[in-house]
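Subject: Structure handover

Hi,

Here is the structure I promised you. Please open it and keep it beside this email as you read.

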Amino acid sequence: MPTVIWQGNARKVAQVTTLTPVVANSTVYTATINGKDVSYTSDSSATAQEIVEGLQSALALATDGDFTEVTWTEDNAVVTGTAATAGVPFTVTSTGAGTLTVS
């Protein structure tokens, strides 16, 4: 079995996490970090692009420190969260009725 050696001088890398919605009409999509929520509710004719743009906007406008430590972008299919500071991790989960695949 190989020996694992920790090297304290490794370059720090910014964490990147994506949120991909499963499209559903009139549904609340919620991203949670440290027990704090940011939500977006889809309309009655939802599309992935609409959900992604709405959720990204809500996340980018969030004023809670846990959300402001992440840069939120979208490309019409997924919301991407990138740690603002390399080496500082974050954990985001999907807790609303709407399904967000977190990867």
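What is the strand order of the open sheet of three strands? The order is β3-β2-β6, with antiparallel pairing. Strands (E, at least two residues) and helices (H or I, at least four) are DSSP runs, numbered from the N terminus. Two strands pair if DSSP finds at least two bridges between them.

Some ground rules. This is a predicted model, where local features need pLDDT of at least 70, side-chain atom pairs count only at pLDDT 80 or more, and totals for chains, interfaces and linings use all residues. Residues are numbered from 1 along each chain as its sequence is written, and side-chain values use heavy atoms, leaving out hydrogens and water.

Two bridges join β2 (residues 28-33) to β6. A31 has S94 as its bridge partner in β6.

Now look at β1 (residues 16-21). Four bridges join β1 to β5 (residues 79-83), and the two run antiparallel. T18 has T80 as its bridge partner there. β1 also pairs with β7 (residues 100-102), again antiparallel, over three bridges. P21 stands opposite L100 in β7.

**The helix**

α1 (residues 48-61) lies across β2 and β3. It runs at about 145° to β3 (axes are lines fitted to C-alpha atoms, for helices over the stretch in contact; angles run from 0 to 180 degrees between N-to-C directions). The buried residues of α1 include I51, V52, L55 and L59. Buried means under 20% relative accessible area, exposed over 50%, partly exposed in between (1.4 Å probe, protein chains only).

**The core**

A nonpolar core is a set of buried Ala, Val, Leu, Ile, Met, Phe, Trp, Tyr and Cys residues joined through side-chain atoms within 4.5 Å. The largest one has 20 residues. L19, L55, L59, F67, W72, V79 and V92 touch the most other members. α1 gives the most to this core, with four residues.

T95 lies in the loop between β6 and β7. Its relative accessible area is 46%, so T95 is partly exposed. Leaving aside neighbours within four places in sequence, T95 is in contact (heavy atoms within 4.5 Å) with T30, T32 and D37. The side chains of T95 and T32 make a polar contact (2.6 Å). That term means a pair of N or O atoms within 3.5 Å; within protein, one must be able to donate a hydrogen and the other to accept it, and residues adjacent in sequence count only if both atoms are side-chain atoms.

Best wishes
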